[in-house]
Amino acid sequence: MSNLKLEAWEEKVLKTYLDGVNLTKIPASRKKRLVVLRWLIRKFEQEVTYTERQVNQIIARHHSDYATLRRELIGYQMMERENGFYWRLPASVWKSETEIMK
């Protein structure tokens, strides 16, 4: 898929699942969920360490199921956690939907 087509498709996915700043539901499709997670991870600053409570609060601003979304961010290696602290990882290490399915 070309970059323009991919961007248009991702924009369509976000319009489908977002109502302003709120996530209306978590997509069942891994590919669509990845688009939503990429949007959500941008709510976290790079090189900032967060407590679990802070992570939950940031996610809860956009969807009530913060526990699932927090686990997904960890699973797709968009965030790392250690000793109750979380931080955003660089995009170069994020997993794709095909890597998650392995």
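Visitor: Is Arg-33 buried or exposed?
Guide: Arg-33 counts as buried, at 14% relative accessibility. Buried means under 20% relative accessible area, exposed means over 50%, and partly exposed is in between, using a 1.4 Å probe and protein chains only.

Visitor: Before I go on, what am I looking at, and what went into the values?
Guide: This is a predicted model, where local features need pLDDT of at least 70 and side-chain atom pairs count only at pLDDT 80 or more, while totals for chains, interfaces and linings use all residues. Residues are numbered from 1 along each chain as its sequence is written, and side-chain values use heavy atoms, with hydrogens and water left out.

Visitor: Back to Arg-33, then. Where is the place of Arg-33, and what is Arg-33 in contact with?
Guide: Arg-33 belongs to helix α2. Helices (H or I, at least four residues) and strands (E, at least two) are DSSP runs, numbered from the N terminus. Leaving aside neighbours within four places in sequence, Arg-33 is in contact with Ile-26, Pro-27, Ala-28 and Glu-72. Contact here means heavy atoms within 4.5 Å.

Visitor: And how do α2 and α4 cross?
Guide: The axes of α2 and helix α4 (residues 66-75) come within 11 Å, crossing at roughly 95°. Axes are lines fitted to C-alpha atoms, for helices over the stretch in contact, and angles run from 0 to 180 degrees between N-to-C directions. α2 and α4 are therefore roughly perpendicular to each other. On that scale, under 35 degrees counts as roughly parallel, over 145 as roughly antiparallel, 65 to 115 as roughly perpendicular and the rest as oblique.

Visitor: Which residues make the contact between α2 and α4?
Guide: From α2 there are Arg-33, Leu-37, Leu-40 and Ile-41, and from α4 there are Leu-69, Glu-72 and Leu-73.

Visitor: OK, what about α1 and α2, at what angle do they pack?
Guide: Helix α1 (residues 3-17) packs on α2 at an angle of about 80°, with the axes 10 Å apart. That pair is therefore roughly perpendicular too. Trp-9, Glu-10, Val-13, Leu-14 and Tyr-17 in α1 meet a set in α2 including Lys-31, Val-35 and Arg-38.

Visitor: Where does the charged end of Lys-31 sit?
Guide: Over the ring of Trp-9, 5.3 Å from the ring centre. For that label, NZ of Lys or CZ of Arg has to be within 6 Å of the ring centre and within 35 degrees of the ring normal.

Visitor: And Arg-38, which residues does that one touch?
Guide: Not counting residues up to four places away in sequence, Arg-38 touches Glu-10, Met-78 and Trp-94. Arg-38 sits in helix α2 (residues 30-41) and is partly exposed, with a relative accessible area of 24%.

Visitor: Switching to strands: what is the order in the sheet?
Guide: The order is β3-β5-β4, in an open sheet of three strands with antiparallel pairing. Two strands pair if DSSP finds at least two bridges between them. The edge strands are β3 (49-51) and β4 (79-82), each pairing on one side only. Twist averages 30° from one strand to the next.

Visitor: How many bridges for β3 and β5, and for β4 and β5?
Guide: β3 and strand β5 (residues 85-88) pair over three bridges, and β4 and β5 over four. Tyr-86 in β5 is the bridge partner of Tyr-50, and Arg-81 also stands opposite Tyr-86.

Visitor: What takes a positive phi in the hairpin of β4 and β5?
Guide: Asn-83, near 50°, in a hairpin with two residues between the strands.

Visitor: What lies across β3, β4 and β5?
Guide: Helix α3 (residues 52-60), running at about 90° to β3. α3 also packs with α4 at about 110°, with their axes 9 Å apart. That makes α3 roughly perpendicular to α4.

Visitor: Last one: how many aromatic pairs does the count come to?
Guide: One. The rings of Phe-44 and Tyr-50 have centres 5.3 Å apart and planes at 85°, so the pair is edge-to-face. Rings of Phe, Tyr and Trp (its six-membered ring) pair if their centres lie within 6.5 Å, and planes under 30 degrees apart count as stacked, over 60 as edge-to-face and the rest as tilted. Phe-44 is buried at a relative accessible area of 1%, and Tyr-50 counts as buried at 8%.
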